[in-house]
Amino acid sequence: MSVHIAAKKGEIAKIVLQPGDPLRAKYIADHFLTEVKLVSQTRNIFYFTGLYKGKEVSVGASGMGCASIGIYSYELFTEFDVDTIIRIGTCGAYTDELKVFDLLNVEFAASESTYAKFAWEIEDEKLKHQGNTFDLLNQTSKDLSLEIKPTTIHTSDIFYRKSQDLPAIAAKYNCAAVEMEAFALFANAQHLGKNAATILTVSDIIPTGDQISADQREKALKPMIELALETAINI
């Protein structure tokens, strides 16, 4: 039995959309899915299962950071036989070549995190998306006339830091943006032979201080949510 997800066997779909925020998961379920059922609310981390254009999809939160998504994605893959997880989140851009609202499809995640090493003896500090979902996202974005940028990002365990310099690993791998979860998701999927992708909306530009306002955030995330759901139809 899953320790952190209280759903019963069969109540989680084979495809899961995974935002960080439980309330964002609820927003997606309320506004995009039909025949929705709340299947878990342990620790107020909500998981819902419903239909999107007839396709069964689940949506549930990962929490913040590698440790948290490491737990939830692992239990989804192993306890509920989930085949594919699409992380949907926000990120900060390291470069002003990106703009707020830009949509990124993560090809590689580089990290100083020891998660992959100590969980699965994966020594690499840069991990690739797993399976064909990355390519399906690219194709679906074309079908929707939606611009998406394949990107290498930095997955950081640190949100606040003393130095404002670009972290060494981000410079080493020319990371365009930073978030906190993709590396652990990719590590779990690589170890378990599952499919994992991450799409991100740029919410702030670190060098300039530009950012999406609270009022704009809901509108900003809608294209990313719709892209993930439309891709799920073809998985």
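This is a predicted model: local features need pLDDT of at least 70, side-chain atom pairs count only at pLDDT 80 or more; totals for chains, interfaces and linings use all residues.
Reader: Which salt bridge brings Asp-102 and Lys-149 together, and where in the chain do the two sit?

Author: The general idea first: side chains of opposite charge can pair when their charged atoms come close. Here the side chains of Asp-102 and Lys-149 meet in a salt bridge, with 3.0 Å from N to O. This pair links distant parts of the chain, since Asp-102 is in the loop between strand 5 and strand 6 while Lys-149 belongs to strand 8 (residues 149-155), 47 residues apart.

Reader: How many salt bridges does a search of the whole structure find, and which residue does Lys-26 pair with?

Author: The search finds 8 salt bridges. Lys-26 pairs with Asp-30, and 2.7 Å separates the closest N and O atoms. Both residues lie in helix 1 (residues 22-32), 4 residues apart, which is about one turn of the helix.

Reader: Let's turn to nonpolar packing. Which members of the largest nonpolar core touch the most other members?

Author: As a general rule, in soluble globular proteins, nonpolar side chains tend to be buried together. In this model the largest nonpolar core has 40 residues, and those touching the most other members are Ile-12, Tyr-47, Leu-76, Val-82 and Phe-186. Two or more residues come from each of helix 2 (66-79), strand 5, strand 6 (103-110), helix 3 (115-120), helix 6 (182-192) and strand 10. Helix 6 gives the most to this core, with 7 residues. Another core, of 27 residues, lies apart from it, and includes Ile-28, Phe-46, Ile-86 and Ile-225.

Reader: What would I find lining the largest pocket, by class of residue?

Author: The lining has 12 nonpolar, 10 polar and 9 charged residues. The largest pocket has a volume of about 850 Å³. Of its 31 lining residues, Gly-92, Phe-159, Val-178, Met-180 and Asp-204 are the closest to the centre. Strand 5 (84-93), strand 9 (177-179) and strand 10 (195-205) each supply at least two residues of the lining, and strand 5 gives the most, with 6 residues.

Reader: Phe-159 also has an aromatic partner. Why is the pair of Phe-159 and Tyr-160 put in its class?

Author: The angle between the ring planes is what to read here: over 60 degrees counts as edge-to-face. The planes of Phe-159 and Tyr-160 are at 80°, so the pair is edge-to-face, with ring centres 4.8 Å apart. Both Phe-159 and Tyr-160 are exposed. The structure holds 5 aromatic pairs.

Definitions and conventions. Residues are numbered from 1 along each chain as its sequence is written. Side-chain values use heavy atoms; hydrogens and water are left out. On a 1 Å grid over the protein atoms alone, a cavity is a set of points where a 1.4 Å probe fits but cannot get out, and a pocket is an open set with protein on both sides within 12 Å along at least five of seven lines; lining residues have an atom within 4 Å of a point. Grid points are joined across faces, edges and corners, and a volume is the space filled by probe spheres set on the points. Ala, Val, Leu, Ile, Met, Phe, Trp, Tyr, Cys and Pro count as nonpolar, Asp, Glu, Lys and Arg as charged, and the others, Gly among them, as polar. A nonpolar core is a set of buried Ala, Val, Leu, Ile, Met, Phe, Trp, Tyr and Cys residues joined through side-chain atoms within 4.5 Å. Buried means under 20% relative accessible area, exposed over 50%, partly exposed in between (1.4 Å probe, protein chains only). A salt bridge is a side-chain nitrogen of Lys or Arg within 4 Å of a carboxyl oxygen of Asp or Glu. Rings of Phe, Tyr and Trp (its six-membered ring) pair if their centres lie within 6.5 Å; planes under 30 degrees apart count as stacked, over 60 as edge-to-face and the rest as tilted.
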